[in-house]
Amino acid sequence: PEALWLIARRAEGSLRDAEGLLDQVVSFGGKKITYEETRQILGVLPSDLFTEITRILAQHRLDDVPEFLENLVRRGVDYTELLRGLETYWMDLIFLRQGLTIKGRPDEEIAHMKQAGAELAVEDMFRLIRLAEGLEDALKWSTAPRVRFEVSFLRWVTLDKAVTIREILDSLGSDGSGHHPVRDVTSETAARPAAPVVSAASVPKPALAPVMASAEVASAATP
């Protein structure tokens, strides 16, 4: 069954392509078709490669990056195929983290996937999928795909862990419980001194002497 699922995924929903791939596998593999033989015949990258990449990213193993990238070059890995495989691998891993069942992968492979992604949050995997999709599109127009992939992969290894909204809210609480202390407005109002009451009688009235003096001068000057 896993071999048939691998053929279906490789065909990407096309029935005609699936029939052609099945004929190809039968022609080279005979009547007894296994998952590993199907993978090799179709040229699908092995799952342990995606598992190793996931572990490097999850554990931020920066020292292992140069040797790993050199191994990709020696194996002649197509970077576009690698990115597509990673997107599918991480999407299946998200399903597993949500308690869902995935088909088309052997039980041993599923166990390795769970171990590799144990240190990654679901938000981290969603972010990696978006980064892989963006890099896959960028490689179509790149004149140096190897350099573009290696620089991007190096940045992925140094990415910080995604912080959820709940973690942000929890970190804002001063008491460590995620709840803000309530201010006692009543006590603050009681402790505040009352403002002095000013009566109307105590307010000085404006002086009228200058105005009256001006009126007297004006009347005296009139003949």
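1. Start with the contacts of Trp 5. Setting aside neighbours within four places in sequence, Trp 5 touches Lys 103 and Gly 104. Keep in mind that this is a predicted model. Trp 5 belongs to helix α1, which covers residues 2-11. Its relative accessibility is 40%, so Trp 5 counts as partly exposed.

2. Leu 4, Leu 22, Val 26 and Ile 33 make a nonpolar patch of about 300 Å². Val 26 sits in helix α2, residues 15-29. With 38% relative accessibility, Val 26 counts as partly exposed.

3. Now the aromatic rings. How many aromatic pairs does the count come to? The count is five. One of them joins Phe 50 and Tyr 89: the ring centres are 5.9 Å apart and the planes stand at 50°, so this pair is tilted.

4. The Phe 50 and Tyr 89 pair links distant parts of the chain. Phe 50 is in helix α4 (residues 47-59) and Tyr 89 is in helix α6 (residues 79-97). The two residues are 39 residues apart. Are these residues buried or exposed? Phe 50 has 7% relative accessibility and counts as buried. Tyr 89 has 0%, and counts as buried too. The cut-off for buried is under 20%.

5. Phe 153 and Trp 156 form another aromatic pair, also tilted. The distance is 6.4 Å centre to centre, with 55° between the planes.

6. Phe 153 is buried, with a relative accessible area of 1%. Trp 156 is buried, at 6%.

7. Finally, which residues do ring pairs link into a cluster? They are Phe 68, Tyr 79, Phe 149, Phe 153 and Trp 156. Two members of that cluster, Phe 153 and Trp 156, are the tilted pair of point 6.

Terms used. Residues are numbered from 1 along each chain as its sequence is written. This is a predicted model: local features need pLDDT of at least 70, side-chain atom pairs count only at pLDDT 80 or more; totals for chains, interfaces and linings use all residues. Side-chain values use heavy atoms; hydrogens and water are left out. Helices (H or I, at least four residues) and strands (E, at least two) are DSSP runs, numbered from the N terminus. Buried means under 20% relative accessible area, exposed over 50%, partly exposed in between (1.4 Å probe, protein chains only). Contact means heavy atoms within 4.5 Å. Patches are made of residues with over 30% relative accessible area and no salt bridge: like charges are joined within 9 Å, nonpolar side chains (Val, Leu, Ile, Met, Phe, Trp, Tyr) within 5 Å. Accessible areas come from the Shrake-Rupley method with a 1.4 Å probe; for residues, only the protein chains shown count as cover. A salt bridge is a side-chain nitrogen of Lys or Arg within 4 Å of a carboxyl oxygen of Asp or Glu. Rings of Phe, Tyr and Trp (its six-membered ring) pair if their centres lie within 6.5 Å; planes under 30 degrees apart count as stacked, over 60 as edge-to-face and the rest as tilted.
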